[in-house]
Amino acid sequence: MIAAVDSARLQTELTTLASFSESPAPAVTRVVFSDMDLRARDYLKTLLAEASLVVREDAVGNTFARWPGGMPSLPPVATGSHCDAIPNAGRFDGTVGVLGGLEAIRRLQRSGFQPRRSIDLVMFTSEEPTRFGIGCLGSRLLAAALQVSTGDTLKSDGRTLNEWRFAAGFSGPLSDVALPAGSYAAFVELHIEQGPILDRRRLDIGVVTAIAAPASVRIVVEGEGGHAGAVLMPDRHDAFLAAAEIALAVEAAARGTGALDTVATTGVCEVFPGAINSVPSRARLEVDVRDIDLARRDSVLAAIRRACEETAARRGVTVHVEPINADPPAQCAQSIVDVITAVCEAHGLRHIPMISRAYHDSLFMARIAPTGMIFIPCRNGVSHRPDEYSSPDAIARGTAVLADTLAALAE
Ligand SMILES: [Zn+2]
């Protein structure tokens, strides 16, 4: 089954796609709606045409390539991922799911398989937040999880999202992008793990059961500044020390759930005025909380808010907590998890169930379709770096599992 994947061709296509980059190889930089993004899209469309797929592009540039099934009135099954890359990234994040998805379809075509349901390959616009500051732009709009008015409010380099997409050739109202629930019978995304577990344990496939999602908050502490020599210790309302206590409470709240899948990070701490001889008058924290269980994640956020109130009262400072974003985590559909697992078993592949700690377009596709993800190992878990690497064999195995999964879901 793995031999039936044209691994050499897939590798050539990954190499060619990686050449559409604003940074020199091996680094890949391909920001949505840049010249390189548009050239990569043109290249992809030549491959889709060669495979006789019917291509549609929506108003934000999500690209759908359909292999029509024998019963086109049934909801199709879909696979896909993204082709954009953050600055100085590698060549496998996202692209393995697009070109691997295409090769999975070609493998089924070569084998003479006739799908009952149509099979769509989807290339999502702007999974990475580089240009517009928001991840999964295309899949968010597909799932109606983003106001269409953001077309005029999201900006990059002085141009709105609408101006960017019109210039890139994607017209029509953003409200046309959303797909109603039930549009797809299933969605399956092939992706590199972007973590070390599969590589470390020499496993072939991770069968994703849930996708964690971040909630982030900004916490501003207002205290009282003053001369570092003159203000007596009992009189102080040091904003940084209050923030430091809050940061420790963030850690305690995440550890307190007892679940390894709960993580919380205080990744930003700015202190004002930031002078060695001045008592901090203000501190700003940014905190990221993730879990695969929404209620548990929200309980951590609530614990952080309580700690803020308690610290404010005890230290005589004011604390403002402002949400930045809070996407709900997603559970993969058990029916799809079962199919992927059965395919792995049938071919003697070493596989484990796992959760996705990074978010993907699947996080939003799961809102409108039963969704699953297939992870393959990447060397040392490295991603978003030029030395990101998945072996040709790992990619071929993932592609083969995807092909058989699509066949099972579409027949
Ligand atoms: Zn990705």
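Residues are numbered from 1 along each chain as its sequence is written, and side-chain values use heavy atoms, without hydrogens or water. Because the model is predicted, local features need pLDDT of at least 70 and side-chain atom pairs count only at pLDDT 80 or more, while totals for chains, interfaces and linings use all residues.

The zinc ion has three named protein donors: His82 (NE2), Asp93 (OD) and His191 (NE2). Donors are N, O and S atoms within 2.8 Å of the metal (3.2 Å for Na, K and Ca); water is not among the atoms, so sites may look incomplete. In sequence, the donor residues follow the spacing H-x10-D-x97-H. His82 and Asp93 link distant parts of the chain, 11 residues apart. His82 belongs to strand 4 (residues 77–82). Asp93 sits in the loop between strand 5 (85–89) and helix 3 (95–110). Helices (H or I, at least four residues) and strands (E, at least two) are DSSP runs, numbered from the N terminus.

Both His82 and Asp93 are buried. Buried means under 20% relative accessible area, exposed over 50%, and partly exposed in between (1.4 Å probe, protein chains only). Asp93 has no salt bridge. A salt bridge is a side-chain nitrogen of Lys or Arg within 4 Å of a carboxyl oxygen of Asp or Glu. The nearest side chain of opposite charge to Asp93 is Arg30, 9.5 Å away. For charge, Lys and Arg count as positive and Asp and Glu as negative; His and the chain ends are not counted. Leaving out residues up to four places away in sequence, the contacts of Asp93 include His82, Glu128, His191 and His384. Contact means heavy atoms within 4.5 Å.

The largest nonpolar core holds 94 residues. Such a core is a set of buried Ala, Val, Leu, Ile, Met, Phe, Trp, Tyr and Cys residues joined through side-chain atoms within 4.5 Å. Phe132 and Leu137 touch the most other members. Helix 12 (residues 392–410) gives the most to this core, with eight residues. A second, separate core of 21 residues includes Ala253, Cys308, Val317 and Val319. Beyond residues up to four places away in sequence, Leu137 touches several residues, among them Val60, Phe132, Leu146 and Leu161.

Helix 12 is mostly covered, with 15 of its 19 residues buried. At 1.5 Å a residue, these 19 residues should span 27 Å. The expected span is 1.5 Å times one less than the number of residues. The end C-alpha atoms are 26 Å apart, which agrees.

Across the whole structure, 26 salt bridges are found. Glu57 and Lys45 form one of them (2.8 Å, N to O). This pair links distant parts of the chain: Glu57 is in strand 2 (residues 54–57) and Lys45 in helix 2 (residues 35–50). Glu57 is partly exposed at 32% relative accessible area. Lys45 is partly exposed at 27%.

Other pairs lie within helices. Arg255 and Glu251 meet at 3.5 Å, N to O. Both are in helix 8 (residues 239–256), four residues apart, so about one helical turn separates them. Arg255 is exposed at 65%; Glu251 is partly exposed at 39%. In helix 9 (residues 294–315), Glu310 and Arg314 are likewise four residues apart. Their closest N and O atoms are 2.8 Å apart. Finally, Arg9, Glu13, Glu50, Glu103, Arg106 and Arg110 are linked in a network of salt bridges.
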